[in-house]
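This report looks at pairs of oppositely charged side chains. The sequence and the structure come before the details.

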Amino acid sequence: AFSDEDFKVLVKAYSSVIDMVSLPRKPADVEKASAERKGAWVIALLANTRLGTLYKDRKEYDKAYRYFEIVAKSPAADPVQVNAAMDYMALCRGKSGQFAEAASLYDSLAQDYLKLAVKENPNMDAMEAPIKAAEMWLFAGDTVTYNKKLAQARSYYDKLRKKFPGTPFEN
């Protein structure tokens, strides 16, 4: 952990980085950008992620969510970054008691992960998304949707097992 003073210094530093770089608004902006500009965007997206993490660790979930959302919606973010940001967004909504929104984000995370999954390196956080989505409905008091989501999770894991036989996905 770190002190409140360290937190303020870190927020100021990361905010300065973000303020120096305007993120692109459209995919076309990314396609025509120079390697240097793309590198600056990578750094700005990392600064947004770090700020989100700092606020999440302080249990300031609404502030954290906003920074993760910037990453998730940026056309400069690669699909793996978007996936990680969505996982954090879902976590923040769940911790804030916004269970239906968290469940929806976990569902999106799971579907997007199916496109990103590689047998050499399973992302365990993303793989847990279907179960986390079901849990959010349980926390919301909706046992019918909880049971439905658990059944969908089984189907999701069956798809991964079939797509990657003989890998950690089978476990």
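What follows describes salt bridges in a predicted model.

The structure holds 13 salt bridges in total. Side chains of opposite charge can pair when their charged atoms come close.

| Salt bridge | N to O distance |
|---|---|
| Glutamate 60 and arginine 58 | 3.5 Å |
| Arginine 93 and aspartate 62 | 3.3 Å |
| Aspartate 112 and lysine 115 | 3.5 Å |

Arginine 93 and aspartate 62 form a salt bridge. Arginine 93 belongs to helix 5 (residues 79–95) and aspartate 62 to helix 4 (residues 61–73), so this pair ties together parts that are 31 residues apart in sequence. Arginine 93 has a relative accessible area of 11% and is therefore buried, the cut-off being under 20%. Aspartate 62 is partly exposed, at 40% relative accessibility.

The bridge between aspartate 112 and lysine 115 lies within helix 6 (residues 99–116), where the two residues are three apart, or about one helical turn. Aspartate 112 is partly exposed, with a relative accessible area of 27%, while lysine 115 is exposed, with a value of 67%.

Glutamate 60 pairs with arginine 58 through their side chains. Both glutamate 60 and arginine 58 belong to a network of salt bridges that also links Asp4 and Lys63. Glutamate 60 is partly exposed at 26% relative accessibility, and arginine 58 is partly exposed with a relative accessible area of 32%.

How values were computed:
Residues numbered from 1 in each chain as written. Predicted model: local features only at pLDDT ≥ 70, side-chain atom pairs only at ≥ 80, totals over all residues. Heavy atoms only, no water. Salt bridge = Lys/Arg side-chain N within 4 Å of Asp/Glu carboxyl O. Buried < 20%, exposed > 50% of the residue type's maximum accessible area, 1.4 Å probe, protein only. Helix = DSSP H or I, 4+ residues; strand = E, 2+ residues; numbered from the N terminus.
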